[in-house]
Amino acid sequence: MATLGDIGVSALINILSAFAFLLAFALLRIQPINDRVYFPKWYINGERGSPRSRGNLVSKFVNLDFKTYLTFLNWMPQAMRMTEPQIISRAGLDSAVFLRIYILGLKVFVPITIIALLLLIPVNVSDGTLSFLKKDLVTSDIDKLSISNVRPKSVRFFVHIGLEYLFTFWTCFLLYKEYGYVASMRLNFLASPRRRAEQFTVVVRNVPHISGRSPSDTVDRFFQTNHPDHYLCHQAVYNANKFAKFARKRDRLQNWLDYNQLKFERHPDKKRTRKKGFMGLWGERVDSIEYYKQQIKDLDRRMTLERQNIIKDTKSILPVTFVSFNSRWGAAVCAQTQQSKNPTLWLTNWAPEPRDVYWRNLAIPFVSLSIRKLVISISVFALVFFYMIPIAFVQSLANLEGLERVAPFLRPVIELSFIKSFLQGFLPGLALKIFLYILPTVLMIMSKIEGHIALSTLERRTAAKYYYFMLVNVFLGSIVTGTAFQQLDAFLHQSATEIPRTIGVSIPMKATFFITYIMVDGWAGIAGEILRLKPLVIFHLKNMFLVKTERDRERAMNPGSVDFPETIPSLQLYFLLGLVYMVVTPILLPFMVVFFALAYLVYRHQIINVYNQQYESAAAFWPHVHTRIIASLFISQLLLMGLLSTKKAANSTPLLVVLPILTIAFHKYCKHRFEPAFRKYPLEEAMAKDTAERAAEPDLNLKAYLADAYLHPIFQSFEEEETVKVRVDKHQTHTASPTSEPSSPSPAGYVHNNPSPPHYVLHPPPPPQYVYHHSSPPHYVYDQSSPSHYVYVAPPSPPRYVYPHGEP
């Protein structure tokens, strides 16, 4: 059992590790060569230029301004300077609400820590019951600060029960205020003037197949019949795995072409050549630039033909589509109602943000989704219990005295003072961290197999699995396996009637293990997060061996995003540990407060300067966070009731029965009061925003705005700046206003045009070197000067290629 000295050794190791990480970060971040690693978000937003572009050769790699070394810790006040509205504007609502979880942790645990240390520790220390049990149990000085040190039937338990009520009410009060505040933040975010494509769009799954009709005809007729006043258009989803392979190959070829062209520009007198054979190892030697141009040209023709095959083959169109409406009100009605008498057909839900769509899972048949979820549920259950084996081994490291009694031959090695302190105070937390390292990746793969169609949903489902794993294995598993192993000798040499009492006394003793875990994961681990050692090494290796063009350098930056599947469950575990042990072993709380403060500072810096969030879910994860904190309160109350029952506190234990009931009632109230803001979009709000938008922009053409918002990635062009753009220009489709959202260039693709008979218009053409005139049936193209905004275009004679700048 870890002693105060062991905890001190662990604290020293972790404090030194955290300080070393922070010091290394402070020095590395001011070096010009590392600028893209520690400030990638500024480069992505175009707000920062490379410091390596100026100065002499040495100053491009090393910071020679010695004054900056005197202020190398100024990143801390800089991280705190940006306000919350600025963070929302810069990083999104998800990132801002994520930071508020740490603020909530500080609000909850700082007052609890002060009160618990001042009141509970004197109550626990002054009783001294463990001195009578030291022959039967493995104890330490830390255990004397816990509830285990209070005598059975003691009136002191009323202090613990009273504080459990006080701490629960304080936590619920803060949760209520925070839930309401986050809900209002979400509604304000959705009601902002910025136009968002997902507010007008619904994803429709399980579209039925009707004989004699194309999938597009089926969707058109259904929504024109059932939503005649609001249906605008739809975008089909295609299964195009072969095309995706072509796309990846073309990207590689284009990168090699850019690289050779840059080399030629720098050294025009040196001709770039390569061999035509496999990987350039054999065959005829040819000009590299011409070789890659020809390879890209041939691949473009194949991609064009493959695109035509995808469009013409109705089997490649999936029974899922993105349907857009001419108002937010129309989309809200469709997304939140049942569309068909058969509840398994025409399933509608809000479309994810375009960046949030996980396209691969759209191809999964609806029938297989239930089977997949069942299989994954069984697999997660098996995985949780499979991990019990390494968790039990980790716990054996944390309980060396118990191990010595079972295996006395290990005593000479274990009894060495430094080795014993290292094994008990540092190694258990580190070993557990290593075992958990690959787990989020495995759980994310499982969530993808389940078939969710949004990245945010995938991450929330992964986070849920990871939380259940942490609850069962890290928390309950550590207590059960560790307690059983630690007290094995006591179990074998005492009567059966004493075993429940032994377990009740020993559960609080696991606080020593969790203290070491908090220090390893929450102190040194968080400090290691800001250092970004792995991205730093990978960036420089890529920059040295793989980076050939500026585009390669941007990809090598890889800022990443907040790892919600791992960080949020870990946060919830810390809430669980703090709430469970706030009355049982309050000495754990100061370690928790340090974690929340350090993590808030680090993640605030990372969100401002590093992370580039992949999507925006408008804080859709908050109800899950609230629910699991409530679950932690419930577990805390049940655990305290169990402990008091082993302490024969028959007079005081019944007083706790009411507390779980009140906690559940509070959770149900919050669920009905605030959760609808995260699940539905109020029709009142939708109508108000539609009315305001029509008044501000009467000439707005939503069809042009939504035409390519959910275009399938297979139609994405690789070099849009080189193409002849015959697409709809969204900048010319409506009157500009300060409230309209700037649109990005439209990726290449076919868009189904509702006003005319079913057809597809190609825009822009896939090959960057030429314009392909499609020989499909007659179609319409957008023209603002026309009264109807659409101009009829007759089909050309046979398909042909027209080179805008002459034959290449």
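The legends below describe close-up views of a predicted model. Local features need pLDDT of at least 70 and side-chain atom pairs count only at pLDDT 80 or more, while totals for chains, interfaces and linings use all residues. Residues are numbered from 1 along each chain as its sequence is written, and side-chain values use heavy atoms, with hydrogens and water left out.

**View 1. A salt bridge between Arg328 and Asp690.** The side chains of Arg328 and Asp690 form a salt bridge with an N to O distance of 3.1 Å; the term stands for a side-chain nitrogen of Lys or Arg within 4 Å of a carboxyl oxygen of Asp or Glu. Arg328 belongs to helix 12 (residues 328-335) and Asp690 to helix 31 (residues 683-696), so the pair ties together parts that are 362 residues apart in sequence. Helices (H or I, at least four residues) are DSSP runs, numbered from the N terminus. Arg328 and Asp690 are both buried; buried means under 20% relative accessible area, exposed over 50%, and partly exposed in between (1.4 Å probe, protein chains only). A network of salt bridges links Arg328 and Asp690 with Arg195, Glu693 and Glu697.

View 2. Asp298 and Arg301 are joined by a salt bridge, with the closest N and O atoms 3.6 Å apart. Both residues lie in helix 11 (residues 288-312), three residues apart, about one turn of the helix. Asp298 is partly exposed, at a relative accessible area of 33%, and Arg301 is partly exposed as well, at 30%.

**View 3. The aromatic pair of Tyr291 and Tyr292.** Rings of Phe, Tyr and Trp (its six-membered ring) pair if their centres lie within 6.5 Å; planes under 30 degrees apart count as stacked, over 60 as edge-to-face and the rest as tilted. The whole structure holds 35 aromatic pairs. Tyr291 and Tyr292 are both buried.

**View 4. Arg90 over the ring of Trp42.** Arg90 lies over the face of Trp42, 4.0 Å from the ring centre. A charge sits over a ring if NZ of Lys or CZ of Arg is within 6 Å of the ring centre and within 35 degrees of the ring normal. Arg628 lies over the face of Tyr468, at 5.8 Å from the ring centre.

**View 5. Asn651 in a loop.** Asn651 lies in the loop between helix 28 (622-646) and helix 29 (658-674). Asn651 is exposed, with 69% relative accessibility. Phe157 is 494 residues from Asn651 in sequence, but the two are 9.6 Å apart in space, C-alpha to C-alpha.

Notes: Helices (H or I, at least four residues) and strands (E, at least two) are DSSP runs, numbered from the N terminus.
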